[in-house]
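Open the model in a viewer and keep the selection panel at hand. The stops below go from one side chain to its partners, and then out to the rest of the chain.

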Amino acid sequence: MRVTWAWAGTAARLLLAGVLGYAGLVKIADLTEAGRTVALYRIVPDDSAQLVGGVIPFIEVALALLLIAGLATRAVAVATAAMMVMYIAAIISVWARGMSIDCGCFGSGGNLTSGAERGYVIDIARDLVFLAAAALLIRNPRTRYALDRWVLDAKER
């Protein structure tokens, strides 16, 4: 049973690393656009949106690198879960206010053309899957091919 959890955790860790790494790198390629996308949510003031949009991609890439290495997995999973909750809340907020924007989760977001309908269910469901993967890692942080295993096992000897 433990072996199965270790492999499931490894899959969750690598899934999250891939998603966060890709999302962060795409946004880093155009930090101005990332800031504009954050501003579209109308959650933070416009001048703060540029800062938030410029910082989030670097956090995503840092978390991805730690997940790839399997270092501080539980702490990184907690941070990832917090980000997913924040993303879900932001999408729900936009949806509840009747706004029609692309989430910008994987690069250029923006207003959709006038009259376009935007279903946020898929975006929320996707982020719930990522939240579940993070929760799995919080509960079972020991995974295969992770530096945590090497570091933690050495301390237990």
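Select Asp127: at 3% relative accessibility this residue counts as buried, where buried means under 20% relative accessible area, exposed over 50%, and partly exposed in between (1.4 Å probe, protein chains only). This is a predicted model, in which local features need pLDDT of at least 70 and side-chain atom pairs count only at pLDDT 80 or more, while totals for chains, interfaces and linings use all residues. Residues are numbered from 1 along each chain as its sequence is written, and side-chain values use heavy atoms, with hydrogens and water left out.

Arg126 forms a salt bridge with Asp127, with 3.2 Å between the closest N and O atoms; the criterion is a side-chain nitrogen of Lys or Arg within 4 Å of a carboxyl oxygen of Asp or Glu. Through shared partners, the salt bridges join Asp123, Arg126 and Asp127 into one network. Arg126 and Asp123 are three residues apart in helix 5, so about one helical turn separates them.

How many salt bridges does the structure hold? There are four. For another of them, select Arg36 and Glu33, whose side chains meet at 2.9 Å, N to O. Both lie in helix 2, three residues apart, about one turn of the helix. Arg36 is partly exposed, with a relative accessible area of 46%, whereas Glu33 is buried at 17%.

Now colour by secondary structure. The chain has six helices and two strands, taken as DSSP runs numbered from the N terminus (helices H or I, at least four residues; strands E, at least two). From the N terminus on, the order is α-α-α-α-β-β-α-α. Of the 157 residues in the chain, 41% are buried.

Next, select Leu16, Leu20, Leu67 and Leu137. These have the most contacts inside the largest nonpolar core, which has 20 residues. Such a core is a set of buried Ala, Val, Leu, Ile, Met, Phe, Trp, Tyr and Cys residues joined through side-chain atoms within 4.5 Å. Two or more of its residues come from each of helix 1 (2-28), helix 3 (46-69), helix 4 (73-96) and helix 5 (121-139). Helix 4 gives the largest share, six residues.

Apart from this core lies another, of eleven residues, including Tyr41, Ile91, Val94 and Ile101.

Centre on Leu20. Beyond its neighbours within four places in sequence, Leu20 is in contact (heavy atoms within 4.5 Å) with Glu60, Val61, Leu63, Ala64, Leu67, Thr80 and Met84. Across the chain, 72% of contacts between residues at least 6 apart in sequence join residues at least 24 apart.

The last stop is the largest pocket, with a volume of about 530 Å³. Select Val38, Tyr41, Ile56, Tyr87 and Cys103, which of its 32 lining residues are the closest to its centre. Helix 1, helix 2 (31-40), helix 3, helix 4 and helix 5 each give two or more residues to the lining.

A pocket here is an open set of points on a 1 Å grid over the protein atoms alone, where a 1.4 Å probe fits, with protein on both sides within 12 Å along at least five of seven lines; lining residues have an atom within 4 Å of a point. Grid points are joined across faces, edges and corners, and the volume is the space filled by probe spheres set on the points.
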